[in-house]
Amino acid sequence: MAPPAPLLAVRGSEGLYMVNGPPSFAESTAFPRDAGKNCKAVAFSKDGSLFAWCNGEKVNVVNVTSAELLRSFDLPKTVCLEFSPKNTVLATWQPYTTAKDGTMGVPNLQLHDVKTGKCLKSFIQKKMQNWCPCWADDESVCARNVNNEVHFFENNNFNTIANKLHLQKVNDFVLSPGAQPTKVAVYVPGSKGAPSFVRLYQYPNFGGPQSALANKSFFKADKVTMLWNKKATAVLVIASTDVDKTGASYYGEQTLHYIATNGESAVVQLPKNGPIYDVVWNPNSVEFCAVYGFMPAKATVFNLKCDPVFDFGTGPRNAAYYSPQGHVLVLAGFGNLRGQMEVWDVKSYKLISKPVASDSTYFAWCPDGEHIVTATCAPRLRVSNGYKVWHYTGPVLHSHAVPPGEELWHVCWQPCPDGAFPAQAVKYQAVPGELPSAEPRPAQAYRPPALRNRPAASSKLHEDEPPQNMKQLGSSDKPLSKTALKNQRKHEAKKAAKQEAKADANQEPAQPVPQNAPRNAAPAVTSGDPEVDKKIKNLRKKLKAIEQLKEQAAAGKQLEKNQLEKIQKETALLQELEDLELGL
């Protein structure tokens with residue numbers, strides 16, 4: 001029996017409600033709408049069975065299937081919610097405040113037992129960034145960063161710190177997904193000329209640098225983003241600086257590093273200079289996609305050896321999204337781009353569709369791997385708020401626009417357990433859509449009145465690079481470098497030019513040259529060597545100028561001294577031209 005379609009939670013100024021997933025898209029009657037205009041936060045549990053939200057008065061927890069209210073907490077200022085992986089603990093965070101007299105405020109990060117409603121522990125967490133403790137998938141380990149240390153708790157016993165990872169100024173950490181043993185990646189920023197570094201440890205072996213599974217140090221890093229693959233065998237590290245000292249990029253400077261738990265590490269070589277917009281792992285954990293380079297940006301899939309597997313060419317894009325099953329990849333350009341999407345079959349690397357979701361600020365795959373939601377949300381954009389549900393083959397299946405004066409703040413799919421929706425065969429034929437897929441025509445470039453009735457000249461600022469399978473380049477398994485590719489193309493062009501010149505010489509018999517023809521009127525034969533062709537062209541240009549000067553002198557014009565010197569060089573130029581042409 002197929003699992004029920006995931007619900008879509010919608011939060012905005014009209015309140016909080018849920019919409020049934022495809023194909024119905026009607027408002028769910030099982031979950032009663034919360035009409036309050038102050039809903040600040042929502043969260044599904046990892047398996048999608050529980051749902052929590054704060055409506056400005058209380059934090060409520062319900063069973064999604066039965067809509068039964070399980071718990072209610074008196075925490076009206078909560079702005080962040082998170083369930084532990086096995087639905088045991090609900091973490092809530094409120095903005096930290098101090099008393100008027102300057103005394104320390106009350107703990108604002110609270111961990112509640114979902115079954116009993118009891119508060120297990122409260123902490124002071126001043127910053128909203130990385131506010132939530134991180135759990136291993138089986139909840140055997142929970143960790144949080146406290147004063148440059150990572151504190152570990154076991155089996156949700158938050159009264160006792162089971163282990164500590166102490167490194168000088170630990171800035172960030174990420175626990176590995178999946179089953180035991182739990183691994184942790186930690187980042188320590190550089191200082192006083194020392195490099196930054198990322199280390200991988202296996203819990204609870206924190207005995208120093210020698211006990212680390214892997215270590216990667218690098219300069220030029222003000223902050224990093226660490227991404228584990230699903231099998232917890234490798235981490236991708238995006239290191240970025242706030243300022244690019246070369247002045248080449250407004251976005252600072254980024255580098256991409258690969259670190260494996262077996263100790264291997266490498267810098268991922270990106271063929272195009274510019275920012276790194278997005279990096280995402282394929283759920284199969286054996287390849288990843290990077291979107292990078294000055295616009296139009298390149299997108300490339302790499303394997304675990306950091307070798308390129310497939311290059312999608314260039315285009316207006318700044319994000320990549322794999323489907324939950326890993327069989328479809330969407331490359332998209334949101335934010336300051338027009339919302340163009342490219343949907344690719346990952347197995348065959350064939351383009352499926354190219355829909356356009358204009359003004360989108362949010363994108364998410366449905367857990368079924370067939371449908372996509374895009375949304376225009378406030379406060380990023382306060383006009384034309386709404387959401388659309390698409391099939392990945394291109395058509396819009398459902399669209400909702402909020403009324404004028406109202407705002408949409410957030411939408412999210414109900415998660416499903418792994419394996420609930422197995423991968424289906426990729427479709428290329430567009431499924432029937434309930435809505436016309438006509439997008440508004442893009443605004444045309446301004447043309448002055450005098451040119452409006454003339455045919456438009458086709459001109460591009462950039463020539464887009466086509467997609468290419470990097471596995472097929474060259475005879476060896478390793479793809480050619482940028483310089484090698486350039487030399488290969490140059491060699492092929494030279495060879496083709498020589499063959500063309502020989503074919504022309506064989507096909508056309510020699511024509512008798514008239515007596516009165518100018519001596520420099522030689523047939524245009526290419527040597528195949530760009531440098532020699534350039535010299536021949538320059539010599540012919542000089543001889544033509546000399547012929548013009550001789551005609552002017554014959555007509556009685558008084559020539560300058562430098563012009564007479566040019567005429568005297570005619571014999572030497574003719575000899576040089578003859579030598580070059582004989583050398584063909």
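This is a predicted model. Buried here means under 20% relative accessible area.

Now select the whole of β16, residues 183-188. Because 6 of its 6 residues are buried, the strand is largely enclosed by the rest of the structure.

Strand β15, residues 172-175, pairs with β16 in the antiparallel sense over 4 bridges. Show D172 together with Y187 in β16, its bridge partner. Then select β17, residues 196-202, which is also antiparallel to β16 and joined to it over 6 bridges. Here, K183 stands opposite Q202 of β17.

Move on to helix α4, residues 570-582. From first C-alpha to last, the 13 residues of α4 reach 18 Å, close to the 18 Å expected at 1.5 Å a residue. Which residues of α4 are buried? They are E570, L573, L574 and L577. Look down the axis of α4: the buried residues fall within an arc of 100°, so they line one face of the helix.

Color T571, A572 and L582 to see exposed residues on the face of α4 turned away from its buried side. Finally, select α2 (530-554) and α3 (561-568), against which the buried residues of α4 pack.

Note on methods:
Residues numbered from 1 in each chain as written. Predicted model: local features only at pLDDT ≥ 70, side-chain atom pairs only at ≥ 80, totals over all residues. Heavy atoms only, no water. Buried < 20%, exposed > 50% of the residue type's maximum accessible area, 1.4 Å probe, protein only. Helix = DSSP H or I, 4+ residues; strand = E, 2+ residues; numbered from the N terminus. Pairing = 2+ DSSP bridges. Expected span 1.5 Å × (residues − 1). Arc of directions from axis to C-beta. Contact = heavy atoms within 4.5 Å.
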